[in-house]
Amino acid sequence: MGYGWNGKILRVNLTTQSCQVEPLNEEWARDYVGGRGLATKYLCEETDPQVDPLSPENKLIFATGPLTGTYGAANGRYMVVTKSPLTGTVACSNSGGYFPSELKYAGFDLIIFEGKAPKPMYLRIYNDKVELAGANHLWGKSTSEAEDLIRNEFHGDAKVALIGPAGENQVHYACIVNDKHRAAGRSGVGMVMGSKNLKAVAVRGTGGVGVADPAGFREAARECYRMLRTHPVTSQGLPALGTAVLVNIINQSGALPTRNSQSGTFDHAEDISGERLAQTYLKRNKSCMGCIIGCGRVTQLSDPRWSGSGEGPEYESLWALGAACGVSDLAAITQANYLCNEYGMDTITAGSTVACAMELFERGLISEAEAGMPLKFGDGDAMVRLIEQAGKGEGFGKKIALGSYRLAESYGAPEFSMSVKKLEFPAYDGRGIQGMGLEYATSNRGACHVRGYLVSPEILGVPEKLDPQAIEGKAAWAKGFQDATALVDSAGVCLFTTFGIGVPQVGKLFSAATGKTADEAALMEVGERVWNMERVYNLKAGIDPSQDTLPKRLLEEPLPDGPMKGAVAHLGELLPQYYSARGWDEKGIPTEQKLKSLGVTS
Amino acid sequence: MQKLIRIEPSKCVGCKSCELSCSFKNTGEFAPSRSRIINEVFLEEAQFITVTCMQCDDPWCLKACPKGAISKHAQTGTVSVDELKCVGCRTCVSACPFGMIKYAPLKGKADKCNLCGDDFPECVAFCPTGCLKFSEEDTPLREKVLKFVRTMKAGQGEV
């Protein structure tokens with residue numbers, strides 16, 4: 001330890017308010033690297049998968065990787081791992097900004113939170129000085145207000161990760177916001193943090209991260225730099241327009257889920273595109289720590305109804321709060337995006353839940369009297385009002401705060417929730433892009449785009465162009481992308497770099513940083529190990545393989561229009577191929593032999 | 001003219017690659033708090049300001065040093081600390097009005113930007129946006145002048 005990893009874990013028991021420093025388990029660090037993999041290993045070893053996610057017995061783990069805090073491939077990430085209250089699966093949510101690196105500079109790799117504080121508290125870290133402080137005065141404050149208060153009373157250079165009122169009010173998809181505008185967004189990790197009465201983690205670190213082979217590390221970083229500065233996606237698309245560059249691309253491909261996935265194209269896509277955002281509210285571009293892509297968008301909203309500034313909306317938010325709700329009002333989308341950041345809510349689930357409510361309203365299942373307003377597709381003002389009510393836990397917002405599955409189920413119509421394992425899928429239609437349908441059905445945290453982003457080959461042609469409607473070979477592609485992503489998430493590297501660099505480059509950085517030589521095959525095996533460990537956790541948690549499915553709409557209702565007209569998701573064909581590619585049995589259970597070869601405890 | 005690190009704040013995206021690369025080259029660790037160049041991020045205002053030693057013609061730090069440990073190179077103009085002569089008294093730290101020379105506790109010496117000595121400045125090599133340039137010409141000033149001149153040009157022909 002000492003190179004790449006700090007070799008130290010901070011264990012915080014909120015019930016007894018004790019903070020202890022422990023050595024990092026070196027054997028686990030070798031096998032699971034860090035971040036997503038290592039934190040999930042700790043979760044598996046230390047908690048019962050059947051635990052109530054909101055009980056003190058559930059643990060909340062903040063995890064950096066061995067590359068977090070260095071340079072080369074946007075190495076500024078951390079992950080929050082816990083059991084999700086939204087899905088009941090393992091949760092792992094990823095964020096960048098400056099907080100993750102600061103945690104490394106303070107000397108820690110992971111923080112494990114246990115128990116539940118008797119009253120609101122927050123954790124203050126100044127290098128090796130760690131203390132829990134009262135947070136009564138911060139409770140109820142928005143994420144940006146609370147962050148300012150903490151910096152004023154603790155340290156002006158502190159980096160802060162915290163929940164907003166949504167986490168306190170137990171919104172099922174509350175997120176953990178850091179550095180004002182970045183978020184560990186999905187799966188309700190902020191709800192778990194709120195259930196523990198933990199408002200924030202503030203850290204100031206003045207130390208450094210050393211590497212085993214400085215010359216080798218620099219060389220590997222220069223190679224990444226050259227590749228990222230020349231690849232069209234990482235040197236042009238993302239820097240120019242941010243993730244919002246995708247709105248027009250995905251709409252033109254016929255896979256932009258519109259009005260709760262009733263269509264695959266949105267007539268007003270241009271109005272909510274990255275190009276339009278650049279012409280209107282964009283103030284300037286912004287990076288996370290050590291990132292040479294710089295996809296962040298700082299925006300300033302000027303509209304008769306609202307004013308404000310912040311970051312985003314990103315592609316997923318433009319879609320969820322826009323196309324999914326049929327909303328083309330960019331000001332309303334931007335305002336709702338700011339509200340999600342201030343209350344601390346996942347924009348994808350928030351927008352998708354509003355979209356679901358709009359369909360339930362139009363089908364007569366939700367009345368105007370109950371909702372307190374008409375909920376028609378396309379009504380941006382209604383969408384903004386619902387988002388605000390959800391964050392505050394007021395009025396019909398209490399129902400929106402449940403997420404789309406619980407909302408739709410309460411009206412006896414769960415089929416109108418566009419989710420898998422109760423996690424709403426993001427901005428790609430699984431009918432229009434077959435690989436994404438498979439990816440949603442099999443992702444270990446429910447429907448997700450950052451577990452195996454097959455949009456890259458199927459639409460963007462990176463690393464090679466695949467036919468989005470083809471079935472042949474997709475299962476193997478899904479496995480490969482899922483395993484590579486699990487490795488990238490475990491190393492502390494931003495997934496967006498993988499448009500321009502690959503596992504070999506991450507491997508060079510990893511080997512030079514840690515002094516533990518790992519070739520591509522060994523690192524891909526780490527990814528596969530992580531994936532199988534997550535699968536085993538979910539099975540033990542009671543998430544059986546029958547949940548590897550898609551909403552009825554994607555399986556049975558053909559896309560009504562656009563370039564992919566007539567397409568349905570061919571999951572029935574893909575799933576057996578996927579189980580086989582994974583080396584699992586035909587029921588989707590990892591075989592003893594597979595788990596033994598990976599060293600995963602069954 | 002002297003070659004200097006030229007900074008154009010409008011091109012900065014706040015990635016701190018300069019702080020990472022500077023600290024890694026000069027201390028062997030990624031430690032932004034020990035970087036000689038400072039990239040300050042103002043989240044609220046979305047402003048990113050980068051500052052480093054300007055290698056003064058008549059440096060306060062040099063004049064203040066009681067041990068003659070700071071010198072200005074006759075050809076390159078670089079102001080650097082001779083660590084064999086420096087006793088770590090920190091007089092230079094007090095003298096610099098810009099805070100661009102600091103005391104490095106790990107080595108017990110004054111520490112400042114020396115433009116990476118004989119090497120190309122590492123921060124410039126790792127800056128992804130061209131915010132930092134190493135040149136004789138004052139490129140940010142030229143950009144400002146050009147912006148003004150273009151405005152003037154656009155106004156020509158109108159009475």
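Reader: Which residues of α24(A) are called buried, and what makes them so?

Author: In this predicted model, the buried residues of α24(A) are Leu571(A), Leu574(A), Leu575(A), Tyr578(A), Tyr579(A) and Arg582(A). The word is used because a residue counts as buried once 20 or more other C-beta atoms lie within 10 Å of its own.

Reader: What span is expected for helix α24 of chain A, and what does the model show?

Author: Helix α24, residues 571–582 of chain A, has twelve residues, and its first and last C-alpha are 16 Å apart, close to the 16 Å expected at 1.5 Å a residue. After α24(A) comes Gly583(A), with a positive phi near 75°.

Reader: What makes β8 and β11 of chain A the edge strands of their sheet?

Author: The sheet is open and has six strands, in the order β8-β7-β12-β9-β10-β11 of chain A, with mixed pairing. Its edge strands, β8 (129–134) and β11 (182–184) of chain A, each pair on one side only. Direction ignored, neighbouring strands of this sheet are turned by 20° against each other on average.

Reader: How do you know that β10 and β11 of chain A pair?

Author: Two strands pair if at least two bridges are found between them, and three bridges join β10 (residues 176–178) to β11(A), running antiparallel; therefore β10(A) and β11(A) count as paired. Asn178(A) has Arg182(A) in β11(A) as its bridge partner. Helix α4, residues 143–153 of chain A, packs on the sheet, where it touches β7 (121–126), β9 (159–162), β10 and β12 (198–204) of chain A, and its direction makes about 140° with that of β9(A).

Reader: How many residues does each chain give to the contact, and which element of chain A supplies the largest share?

Author: The contact takes 24 residues from chain A and 19 residues from chain B. On the side of chain A that touches chain B, β13 (209–210), α7 (214–230) and β14 (282–286) each supply at least two residues, and the largest share, four residues, comes from β14(A). By class, this side of chain A has eight nonpolar, ten polar and six charged residues.

Reader: Why are β13(A) and β2 of chain B said to pair?

Author: The threshold is at least two bridges, and β13(A) and β2(B), residues 29–30, have two bridges in the antiparallel sense, so the pair qualifies. Gly210(A) stands opposite Glu29(B) in β2(B).

Definitions and conventions. Residues are numbered from 1 along each chain as its sequence is written. Chains are lettered from A and ligands numbered from 1 in the order in which they are written. This is a predicted model: local features need pLDDT of at least 70, side-chain atom pairs count only at pLDDT 80 or more; totals for chains, interfaces and linings use all residues. The expected span of a helix is 1.5 Å times one less than its number of residues. A residue is buried if 20 or more other C-beta atoms lie within 10 Å of its own, exposed if 12 or fewer, and partly exposed in between; C-beta atoms are placed from the backbone. Axes are lines fitted to C-alpha atoms, for helices over the stretch in contact, and angles run from 0 to 180 degrees between N-to-C directions. Two residues are in contact if their C-beta atoms, placed from the backbone, lie within 7 Å. Ala, Val, Leu, Ile, Met, Phe, Trp, Tyr, Cys and Pro count as nonpolar, Asp, Glu, Lys and Arg as charged, and the others, Gly among them, as polar.
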